[in-house]
Amino acid sequence: MTVLAVCLSLVALAAVAHVGSSRGKQSIKEQLLNGICTIALRLVQLAFAIHCSFQAWVQDSLSQAQIDMQQLLEGDDTDMVLTKRQELSDLLASLPQKPEHLAVVLPEASVRENEAIGDMLAGETDDVEALCAWSLLAKIPRLSIYSRDGSLSRSFDSIAGRLRNSKMVARGFNGRTPDICLESSTRSEHICAHSDSASRPDIYISLWSRENGYPLLAKLAQRLSRRVQAGELASTAITESLVADELRDPHGFKHPDLVLLLDDLPCVNEFPPWQLQNSELVQIHSGARSLGDAVYRALVCFAKIEMRWGK
Amino acid sequence: MQLKYLLILAIAGLYVLIAGSYKPTLPLHAQCKQILEYLQKQQRRLLVRVAKQGRIPQHVAFIMDGNRRYARKRHRIASSGHVSGFYRLANVLEWCNDLGIQNVSVFAFAINNFSRSPEEVSALMSLAKEKLRELADKSSLVKQHGVRIIIAGNRDLLPGDVREAAEFAEEKTQHNRGMRLNICFPYSATDEISAAIRKVTEDVRKGVLSENDIDEQAIESRLQIPGPPLDILVRTSGQIRFSNYMLWQSAKLAYIRFVDVFWPDFSFFHMFCILISWQLAYKSIKQRS
């Protein structure tokens with residue numbers, strides 16, 4: 001009787017769910033069927049959401065058994081921490097392949113406030129500091145950090161000040177203070193450990209925003225158009241290599257090999273499209289305990305990747 | 001004991017009933033295959049109906065990766081993997097059409113794939129020539145559902161006969177008003193963006209466009225695949241990169257899914273799962289755009 005009552009109420013619910021919004025021409029049978037399918041869809045979506053949450057919980061539980069990555073660089077330099085840090089550094093050095101240029105997509109402020117990924121991240125300045133430290137530990141010479149809304153560029157001074165005096169960054173660089181070249185689309189600063197500012201920096205850090213992507217390509221089109229109008233360049237000479245030359249990395253590095261997406265949503269949030277051409281994309285969800293954990297997982301994932309380049 | 005015999009009798013009876021309505025002269029395995037295909041088709045129809053109660057994406061792109069590894073796994077030559085990949089493409093187009101997806105883009109051949117062995121490139125070009133004509137001329141998708149075929153890419157790199165087949169497929173379907181199928185062949189996103197920038201400069205030179213009006217929209221409208229905005233990008237075979245495919249379109253808040261199956265093994269269930277997860281994420285995507 002209970003089963004019958006449940007079935008009847010489901011059918012009635014299906015009818016109410018669909019009859020009201022449907023067009024007059026559909027038969028009652030069609031409407032009921034659509035209503036039942038609507039309920040089935042909602043149940044499937046619920047099952048998916050539960051499955052995704054369960055997966056994230058399992059991943060989180062598994063990662064709790066591992067060492068606390070963040071403590072290795074934030075904590076005091078006890079013997080145990082120093083040993084673990086050295087072990088991790090050796091492990092990262094032994095990976096069969098590492099990126100030369102790491103790009104990290106940070107979520108915007110509104111996403112940090114409203115979504116679970118915000119729990120893994122601290123403020124923007126803290127995140128840049130942590131990413132710089134982890135890149136130095138993994139010996140990645142080029143780091144680009146992207147936030148769509150341009151908030152990183154606006155915090156340039158506070159980021160530069162933090163990196164200048166950072167113990168965390170020093171710990172990532174084996175106890176020494178590194179030379180850092182920090183730049184955004186409008187500013188550049190060489191944060192030197194020594195007075196010799198001509199020495200090659202130990203790491204180049206770029207703070208990117210949406211302005212480094214689509215608007216930059218539009219400005220390039222304007223510039224090339226002016227040259228064509230002035231007769232300096234034929235439009236047929238605008239080839240892929242010419243555009244690639246105009247958009248190459250100013251410090252001679254390749255475009256990002258590894259893009260670390262720190263977001264629960266698998267979208268690159270208008271990351272500069274030209275720079276994505278040969279990038280491996282690793283998404284780390286809110287299940288990661290810290291940025292260090294996220295970077296470590298991304299590097300391990302990158303190490304296993306087979307590069308075939310179209311062959 | 002009696003229950004066991006009753007069960008065996010029931011199954012035998014059911015088999016006789018079902019077999020009776022099909023061709024009785026077929027061998028058993030063929031009959032079972034027919035029944036299975038029928039059940040799969042009904043299951044798919046039901047899942048399509050369920051999925052269509054929610055939002056349906058307007059534009060989905062596929063990077064059809066894994067054909068050669070699929071063939072190697074079965075100890076066959078690479079070109080047989082590409083043939084299997086083509087048949088899977090035909091299935092996927094059918095599913096997309098059933099779901100009501102209006103625009104589908106597929107990455108058939110990359111410009112840097114010309115660096116593969118000459119035998120493989122030649123086999124791929126022959127396959128493309130044959131299948132483009134077959135798709136445009138004989139496929140039920142084009143005839144019954146009015147699919148329109150557009151070849152996106154740098155055609156100057158194609159051999160003459162393949163270019164003719166591409167032009168034939170486009171001309172034959174140019175008046176169709178159904179699903180739009182963009183076959184990227186041979187294609188690279190950086191080539192597409194460069195070509196769009198070149199067209200912008202040419203249009204400014206001709207006076208069609210003013211220099212002050214050069215913006216993102218001006219470039220986007222001159223891309224080989226200008227729109228509508230890409231909703232979902234799917235890459236099979238477990239590789240997690242874009243491989244220079246639809247970069248402009250994918251970077252604009254497309255929902256990216258990397259699926260760990262080879263393209264010929266991509267099933268309707270994978271498609272269904274991707275669609276459901278996109279529907280769940282749609283609200284977040286819209287909030288960010």
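Biologist: How many residues of chain A are in contact with chain B?
Modeller: This is a predicted model. In it, 58 residues of chain A are in contact with 57 residues of chain B. The area buried between the two chains is about 5,000 Å², and carbon and sulfur atoms give 60% of that area.

Biologist: How many salt bridges are there between chain A and chain B?
Modeller: A salt bridge here needs a side-chain nitrogen of Lys or Arg within 4 Å of a carboxyl oxygen of Asp or Glu. The count between chain A and chain B is five. One of them joins B:Glu211 and A:Arg226, at 3.2 Å from N to O.

Biologist: Which element gives the most to the side of chain A that touches chain B?
Modeller: Helix H10(A) does, with twelve residues. That side of chain A divides into 32 nonpolar, 14 polar and twelve charged residues.

Biologist: Now the sheet. What is the order of its strands in chain B?
Modeller: The order is S3-S4-S2-S1-S5-S6, in an open sheet of six strands with parallel pairing. Strands S3 (148-152) and S6 (255-258) of chain B are the edge strands, and each pairs on one side only. From one strand to the next, the twist averages 15 degrees.

Biologist: Which strands does helix H4 of chain B touch?
Modeller: Helix H4(B), residues 78-99, packs on the sheet and touches S1, S2 and S4 of chain B. Helix H11(B), residues 268-288, also packs on the sheet, touching S1, S5 and S6 of chain B.

Conventions: Residues numbered from 1 in each chain as written. Chains lettered and ligands numbered in written order. Predicted model: local features only at pLDDT ≥ 70, side-chain atom pairs only at ≥ 80, totals over all residues. Heavy atoms only, no water. Pairing = 2+ DSSP bridges. Helix = DSSP H or I, 4+ residues; strand = E, 2+ residues; numbered from the N terminus. Axes fitted to C-alpha atoms, helices over the stretch in contact; angles between N-to-C directions. Contact = heavy atoms within 4.5 Å. Buried area = accessible area lost by both parts, 1.4 Å probe. Nonpolar A, V, L, I, M, F, W, Y, C, P; charged D, E, K, R; others polar.
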